[in-house]
Amino acid sequence: MSHEVLNLQQAAQHVFVDANDLKHVAQRGEIAAQKRGDAWFFEHRALDEWAQRNLLAAKPKALNEVHRSMADGDRRARREVFSIVPLFRADGITLDLAAKTKGGAIRDMTDLAIATGLVYDDEGLFKELVDREEAAPTAVGRSAAFLHPRYHDPYFFEDTFIAYGRARRPVFFGAPDGEGTRHFFMICSTDHERHLHILARLALLAHGTALMERLDLAESAEDVIAAIRDCESEFVK
């Protein structure tokens, strides 16, 4: 599916944006696309990579609008209310990341994800995470970063989950506010649409709730999960 080609309408629906907006993005050369006559076509792989970057760079209002579309679509497709809480596992959480550098943090988070037993390609995952950070940092400010493979590959993982690590000290990770990053989330998803929904939900929780402050005070994996549950519940209301 990663090399599937989508037309403009299919692509816009896939990444939850207006078709005219996506067309203008393609015209400006901000996303890899092919024009055949008057029609635009997008490779699935490149489209996914752009959508991830676009979400992390979005202003709160735009991010809220995209997230609302995702939530509505998810509810209709799955007949359930979306929540990220079940995606966190105690064996995928640590409050003691020793990394002092960006590369060290990526390696530590990869090892944490591997420890869950749900990763199929250890070195492939690490390489994709490095490539993603080199292309554009996943740090969003508020001391948070949302690591994920540059190109979404559902075959990296046995199941969808989120790993979380809190560093002993802030690590320079390329945040737009120039501050260090202490809270690292790694999104490990087998489903593209859900991957984007997770990314949007995490970004909104980081910027719109007291999640970061709660995580600063967490003393156990159970505290981390409780903080996420409480802040997500507050956000959904």
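**Entry 1: Phe16**

I looked up Phe16 and found a relative accessible area of 22%, so Phe16 is partly exposed. For my own bookkeeping, buried is under 20% relative accessible area, exposed is over 50% and partly exposed is in between, with a 1.4 Å probe and protein chains only. Phe16 sits in the loop that links helix 1 to helix 2 (19-27). I take helices (H or I, at least four residues) and strands (E, at least two) as DSSP runs, numbered from the N terminus. The phi of Phe16 is near 60°, a positive value in a residue other than glycine.

A note on the source: the model is predicted, local features need pLDDT of at least 70, side-chain atom pairs count only at pLDDT 80 or more, and totals for chains, interfaces and linings use all residues. Residues are numbered from 1 along each chain as its sequence is written, and side-chain values use heavy atoms, with hydrogens and water left out.

**Entry 2: Arg142**

Next I checked Arg142, which also has a positive phi, about 60°, although it is not a glycine. Arg142 belongs to the loop between strand 5 (139-141) and strand 6 (144-147). With a relative accessible area of 31%, Arg142 is partly exposed.

In what order do the three strands of the open sheet run? I read 1-3-2, with antiparallel pairing; two strands pair if DSSP finds at least two bridges between them. Strand 1 (5-7) and strand 2 (34-36) are the edge strands, each pairing on one side only. On average, neighbouring strands here are turned by 35° against each other, direction ignored. My axes are lines fitted to C-alpha atoms, for helices over the stretch in contact, and angles run from 0 to 180 degrees between N-to-C directions.

Strand 1 and strand 3 (residues 39-43) run antiparallel and are joined by three bridges. I noted one partner pair: Leu6 is bridged to Phe42 in strand 3. Helix 1 (residues 8-15) packs on this sheet, touching strand 1 and strand 3, and its direction makes about 100° with that of strand 1. Contact here means heavy atoms within 4.5 Å.

**Entry 4**

I then followed the pairings one by one. Strand 4 (88-97) and strand 7 (161-171) pair in the parallel sense over four bridges, and Leu97 has Ala167 in strand 7 as its bridge partner. Strand 7 and strand 8 run antiparallel, joined by seven bridges; Ile162 is partnered with Ile187 in strand 8. Strand 6 and strand 8 run parallel and share four bridges, and Phe146 is partnered with Phe185 in strand 8.

Is strand 8 (residues 181-188) mostly covered or mostly open? Seven of its eight residues are buried, so I wrote down "mostly covered".

**Entry 3: the cores**

Which residues touch the most other members of the largest nonpolar core? They are Phe88, Phe146 and Phe185, in a core of 52 residues. Helix 7 (residues 192-208) gives the most to this core, with nine residues. A nonpolar core is a set of buried Ala, Val, Leu, Ile, Met, Phe, Trp, Tyr and Cys residues joined through side-chain atoms within 4.5 Å. Apart from this core lies another, of 26 residues, including Leu97 and Phe184.

Leaving aside neighbours within four places in sequence, I found Phe146 in contact with residues including Leu56, Phe185, Ile187 and Leu199.

**Entry 4: helix 9**

Helix 9 (residues 221-236) has 16 residues and reaches 22 Å from its first C-alpha to its last, close to the 22 Å expected at 1.5 Å a residue. The expected span is 1.5 Å times one less than the number of residues. The buried residues of helix 9 are Ala221, Val224, Ile225, Ala227, Ile228, Cys231 and Glu232. They cover an arc of only 155° around the axis, so they lie on the same side of helix 9; the arc is that of the directions from the helix axis to the C-beta atoms. These buried residues pack against strand 4, strand 7, helix 7 and helix 8 (211-217).
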